[in-house]
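Hi everyone, thanks for making time for this. Let me put it on the screen.

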Amino acid sequence: MKKHFFTMCLSLLCAGTAWSANVLVEAESFTHKGGWVVDQQFMDQMGSPYLLAHGMGVPVEDAYTQVAFPEKGKYYVYVRTYNWTAPWKDGAGPGRFGLIAGKKKVSSNLGNQGKEWYWQPAGKISVKEKEMEIRLRDFTGFDGRCDALYFTTEEGDLPPHEVEALNAFRKKTLNLPQVAPSAGEYDLVVVGGGVAGLSAAVSAARLGCKVALVHDRPVLGGNNSSEVRVHLGGRIESGPYKELGNLQKEFGPLRGGNAQPGDFYEDWKKMEMVAREKNIALFANYHAIQVEMAGRRIVSITAKNNENSKELKFHAPVFADCTGDGSIGFWAGADYRMGRESREEFGENTAPEVADKMTMGASVQWYSVEDKKASSFPEFSYGVDFNEKNFESVTMGEWTWETGMNYDQINQFERIRDYGLLVVYSNWSFLKNHFNDKEGKYKNRRLDWVAYVSGKRESRRLMGDYVLKEDDLRKYVFHEDGTAATTWTIDLHYPSKENTKNFPGNEFKSISTHIRIHPYPIPYRCLYSRNVDNLFMAGRNISVTHVALGTVRVMRTTGMMGEVVGMAAKICKDHRVVPRAVYQNYLPELKALMKEGVGKKGLPNNQQYNQGGTLKEKPEFY
């Protein structure tokens, strides 16, 4: 069996009197993860990836690893964990798991206590050999979570609680270098491997740029991956540059649909496409954590491996923020917006009269399957109660299962995702255990898939030299630097009134409104930062108002943005300029590249599903 040893930290407790032997074990670095999964979605807020027991009500297999101790003796054990239903219900939560050291059950009551991430006392162990197997045992399948384990010979000697201090403690304890080693020099560093980032990386690479693609999940595609399962939306082969989008003929799934079986999303196509590009270095499972600046320019970004905590530093003359959340731009000090602008600010009829913080929400999608025999589901009631008047009589949930519209989609995102899980399990428990027709429609129904990676629609929007607004789209305002055409309706989401009536302040269902548009070329000036000189952006974080985001956010459109960014990066390389100079001095070159495209020629358009509603006729004044 492969052994996994962890770096130890010895600290002097009382000068000249006693030593404390300490061992820190990061749960995500366990050699054998069993049925637990690595969840990195919230590490910017709580400090680290963690292991999640996502069994949808069925306990998952043990995670285990070998731990080396500095000396024999008695150790007190603390586990950093979180009772995830605490925001909605006091008392013990559903995510209970246990710790086994060697053959001893140290604790069977972890993960279901407290109200925040904290170091929960787990008991003590006697270390008789300097190497011991440690196991995490899930008891419920209901998303118990473990960040780290800490073994110390001094009772109460805990690591820091505050995130910044804890991260410094981690780095020191795990003997990581204070300055991350270089991952190399690149012409372009793309952060985020969703459809936008994937397209940006391939576009630049095919035009001769050396590209680093940094992505914090094991598969590419973002919302169009098997982890989230959202189909591609929008049209390709539209607008003035019909070759844009051809890349999607190479990697786009042949089947559409939200919340479908994982193979519908063809993750392998995306991975193989990147693997074939000799100019791309893919850094999967690396989460960007830091930006180094020199004045208005990004010098480097640092990313941390989600499993071994090792950090790498990436240098390039230009960077592309394709994170969705605009994280790179935010850390670099880029101007950004979040929430809804007032109607007056940009003259948008669809905007609210008064600006607010509402965003479109995030979806935890799910589906069930029909078995040949009856199946059961545990009782699940943790603060959201369903009954015959408010339950959802459904066998799956896709985009309309949307949470967090009135919460901060960055700093409160774990709460937003967890509420999505909470209502899925609570409603399903009602259907299986209390619905008056439970012996009919739902008797043989079994939960087969519930996303734990939440599909987010909106958070930060980084401001460029131009901010796309409603009038541009509806009146077809001409801009000389128009690029990829957005074709989706102005599709804005709001809490369902019926859901608000049943769950006031805790909605989890949405409705959408649609305003048809003619295919509209997005100005290039929306694709780079106005105050961070060498930063591109592609995806839902580009320079638009909340209303305009309603159309540009779908993935076929964001993929075409990525292609344009890759082309502009090629021009930046050739002329040693920053993104703004492409607009000021080299726009004809960009137009020529967009006309030619970077996709393979002659492929059929297999991307005709989910193109959106009927497009508006071309305005007379166009």
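This is a predicted model: local features need pLDDT of at least 70, side-chain atom pairs count only at pLDDT 80 or more; totals for chains, interfaces and linings use all residues.

The relative accessible area of R337 comes out at 23%. Buried would need a value under 20%, and exposed one over 50%, so R337 counts as partly exposed.

Where does this arginine sit? R337 belongs to strand β20, which covers residues 336-337. Leaving aside residues up to four places away in sequence, R337 touches E345, F346, S459, R460, R461 and M463. With one of these, E345, there is a polar contact from side chain to side chain, at 2.6 Å. For a sense of scale, take L247, which is 90 residues from R337 along the chain. The C-alpha atoms of R337 and L247 are 30 Å apart.

Three strands make up an open sheet, and its order is β24-β21-β26, with antiparallel pairing. Which strands stand at the edges? Those are β24 and β26, the latter being residues 455-456. Each has a single partner strand, so one side of each has no neighbour in the sheet. Look next at how β21, residues 362-363, meets β24: the two pair in the antiparallel sense over two bridges. If you click on S363, its bridge partner in β24 is E402.

Rolling a probe the size of a water molecule over the atoms shows where empty space is left. How many cavities of 30 Å³ or more does a search of the whole structure find? The search gives two.

The largest cavity holds about 120 Å³ of space. It is lined by 14 residues, and those closest to its centre are T403, G404, M405, Y407 and E507. Here β24, residues 402-403, comes back: β24 and α8 each supply at least two residues of this lining. The largest share, three residues, is from α8. By class, the lining of the largest cavity has five nonpolar, five polar and four charged residues.

The second largest cavity has about 40 Å³ of space. Lining this one are E26, N167, R170, K171, L174, L176, K304, S309 and E311. Helix α2, residues 163-173, gives the largest share of that lining, with three residues. Sorted by class, the lining of the second largest cavity has two nonpolar, two polar and five charged residues.

Last stop: an open space, the second largest pocket, with about 290 Å³. Of the 18 residues lining this pocket, Q45, M46, W117, N411 and E414 are the closest to its centre. Which helix gives the largest share of the lining of the second largest pocket? That is α8 again, with four residues. Both α1 (43-46) and α8 (413-433) supply at least two residues each to this lining. The class count for the second largest pocket is eight nonpolar, four polar and six charged.

Key. Residues are numbered from 1 along each chain as its sequence is written. Side-chain values use heavy atoms; hydrogens and water are left out. On a 1 Å grid over the protein atoms alone, a cavity is a set of points where a 1.4 Å probe fits but cannot get out, and a pocket is an open set with protein on both sides within 12 Å along at least five of seven lines; lining residues have an atom within 4 Å of a point. Grid points are joined across faces, edges and corners, and a volume is the space filled by probe spheres set on the points. Ala, Val, Leu, Ile, Met, Phe, Trp, Tyr, Cys and Pro count as nonpolar, Asp, Glu, Lys and Arg as charged, and the others, Gly among them, as polar. Two strands pair if DSSP finds at least two bridges between them. Buried means under 20% relative accessible area, exposed over 50%, partly exposed in between (1.4 Å probe, protein chains only). Contact means heavy atoms within 4.5 Å. A polar contact is a pair of N or O atoms within 3.5 Å; within protein, one must be able to donate a hydrogen and the other to accept it, and residues adjacent in sequence count only if both atoms are side-chain atoms.
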